[in-house]
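Trainee: Please pick one part of this model and take me through it closely. I would like its packing and the space beside it in one connected account.

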Amino acid sequence: MQVFRGFRHPGVAPACALTIGNFDGVHRGHQAMLALLQTEARQRGLPSCVLTFEPHPRDYFAALTKKPDLAPARIGTLRDKLSELAACGVAQTIVLPFDGRLASQSPEQFIQDVLVDGLGARYVLVGDDFRFGAKRAGDYAMLDAAGDARGFDVARMNSYEVHGLRVSSSAVREALAEGRMADAQTLLGRPYTISGHVVHGRKLGRALGASAPGKDDGFRTLNLRFKHWKPAASGIFAVLVHGLADHPLPGVANLGVRPSLDANDVNAGRVLLETHCLEWPSHLGAEGAYGKIVRVELLHKLHDELRYTSLEALTAGIAKDGRDARAFFASTHAETHRQTTRDRI
C-alpha cells in the first residue's frame with residue numbers, strides 16, 4: 001500500500017475508488033466497507049483509496065477550544081491504522097492534515113478541491129452518518145447530487161452489526177475503557193494490538209527484582225510509545241508479544257503514564273506500553289530488543305494503573321502482576337485443552 005501525506009504528490013493515482021473516514025481501530029464495520037470498496041474498485045479498473053485525517057478532527061477542535069474532553073480516546077496509532085488498512089488490501093491511503101484551512105472549507109470546496117481535482121474520485125463510498133465540510137454542513141444527499149453533476153458515483157453503506165450490536169469506533173472505545181477485551185476483540189475481528197519500535201527508558205525495571213545488587217536480570221521491559229495522549233485502553237494487561245522470537249511470548253504490560261515514577265523519567269508525561277516478557281529470549285541479552293518493531297496483543301485486563309509509594313512496593317506489585325498473568329495463561333491453556341477434548345468426543 002502506498003501512503004501519502006496530502007494528495008499533491010506525483011505518485012498519487014490520477015483516478016480512484018474512494019472511501020473517507022477516520023478509521024480508528026479499523027474494526028469489522030470498517031473492514032466490511034473496505035471489502036465493498038475493493039469490489040467496486042476492481043469492477044471499475046481503479047485503485048482503491050482511503051482518505052483519512054491526522055489529527056482526528058475532534059482532536060483539532062478540542063485543542064482549538066481548549067476543551068480536551070471533546071477529543072475522543074484513540075484506539076490505535078497511525079502506524080497500526082495504516083497496517084490494518086494495508087491488510088485489507090487498500091492500494092493507497094491519503095493522510096490529510098486536519099487544520100484550520102480544512103476545517104473552514106465549505107462542502108462544495110471539499111468536493112471540488114479534494115475529491116475531484118485532488119484525487120480524481122470516480123466512485124465514493126461513505127458511511128450512513130457521513131458529514132463533511134465546515135460545520136459538518138455536507139451530507140450524503142449533497143455528495144450524491146455533486147456526483148451526478150461532476151461524473152462520479154456515490155454509495156452509502158449502512159451500519160454493520162454483530163449479534164445485534166452496531167459496530168463502531170465508539171463501541172470499541174467503550175469496551176476498551178471498561179477492560180472488556182473479549183468484546184473489543186469481537187468488534188475488531190482480531191485481538192486488540194499496539195505495535196511500534198522498542199525505545200529506551202530509564203532501565204529501572206531490570207534492576208527491580210534482580211537476583212542480586214548490580215544484576216540486570218529483573219523485570220526487563222519493552223517500551224513502546226503510544227503517540228496520543230488519550231489511549232482508549234489503560235491499565236495492566238496479560239499480553240502476547242510478537243516479533244522477538246519465532247513464537248508469541250507471554251507477558252504483562254502497563255499501558256499508561258506510570259504514576260509511580262517521578263518527573264525525571266526519560267518518558268515522563270508520555271503514554272507508554274511497557275511490557276515485561278515472562279519468557280525473555282536469551283538471544284537478545286539485555287540490549288538486543290531496542291529498535292525492533294514488536295506487536296503486543298492486549299488479551300486480558302488485570303487492573304487499573306496503581307500508584308505505589310516505594311520501589312519495594314512497586315517491585316512487589318510487578319511480581320504479583322506477573323503471577324496473575326501466568327495464571328491467566330495457564331487457565332486459557334487449560335480451557336483450550338478442555339475444548340479440544342470435547343471436540344474430539
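**The close look**

Mentor: Thr193 is buried, with a relative accessible area of 14%; buried means under 20%, with a 1.4 Å probe and protein chains only. The model is predicted, so local features need pLDDT of at least 70 and side-chain atom pairs pLDDT 80 or more, while totals for chains, interfaces and linings use all residues. Residues are numbered from 1 along each chain, and side-chain values use heavy atoms, without hydrogens or water.

Thr193 sits in strand 9, residues 192-197. Strands here are DSSP runs of E, at least two residues, and helices are runs of H or I, at least four, both numbered from the N terminus. Setting aside neighbours within four places in sequence, Thr193 is in contact with Asp80, Arg295, Val296 and Glu297. Contact means heavy atoms within 4.5 Å.

Now the space beside it. Thr193 is among the residues nearest the centre of the second largest cavity, with Gly25, Gly76, Asp80 and Arg190. A cavity is a set of points on a 1 Å grid, over the protein atoms alone, where a 1.4 Å probe fits but cannot get out; lining residues have an atom within 4 Å of a point. This cavity holds about 110 Å³. A volume is the space filled by probe spheres set on the points, which are joined across faces, edges and corners. The lining has 13 residues. Helix 3 gives the largest share, three residues. By class, the lining divides into five nonpolar, four polar and four charged. Asp, Glu, Lys and Arg count as charged; Ala, Val, Leu, Ile, Met, Phe, Trp, Tyr, Cys and Pro as nonpolar; the others, Gly among them, as polar.

A pocket is an open set of points with protein on both sides within 12 Å along at least five of seven lines. The second largest pocket has a volume of about 310 Å³. Its 14 lining residues include Thr77, Arg79, Ser195, Arg225 and Lys227, which lie nearest its centre. Helix 3 and strand 9 are the elements that give two or more residues to this lining. Strand 9 gives the most, three residues. The classes are three nonpolar, six polar and five charged.

Tyr192 is one of the residues with the most contacts inside the largest nonpolar core, which has 36 residues. Such a core is a set of buried Ala, Val, Leu, Ile, Met, Phe, Trp, Tyr and Cys residues joined through side-chain atoms within 4.5 Å. Strand 9 is among the elements that each supply at least two residues of this core, as are helix 7, helix 8 and strand 14.

Just after helix 8, Gly189 takes a positive phi of about 80 degrees.

Key:
Buried means under 20% relative accessible area, exposed over 50%, partly exposed in between (1.4 Å probe, protein chains only).
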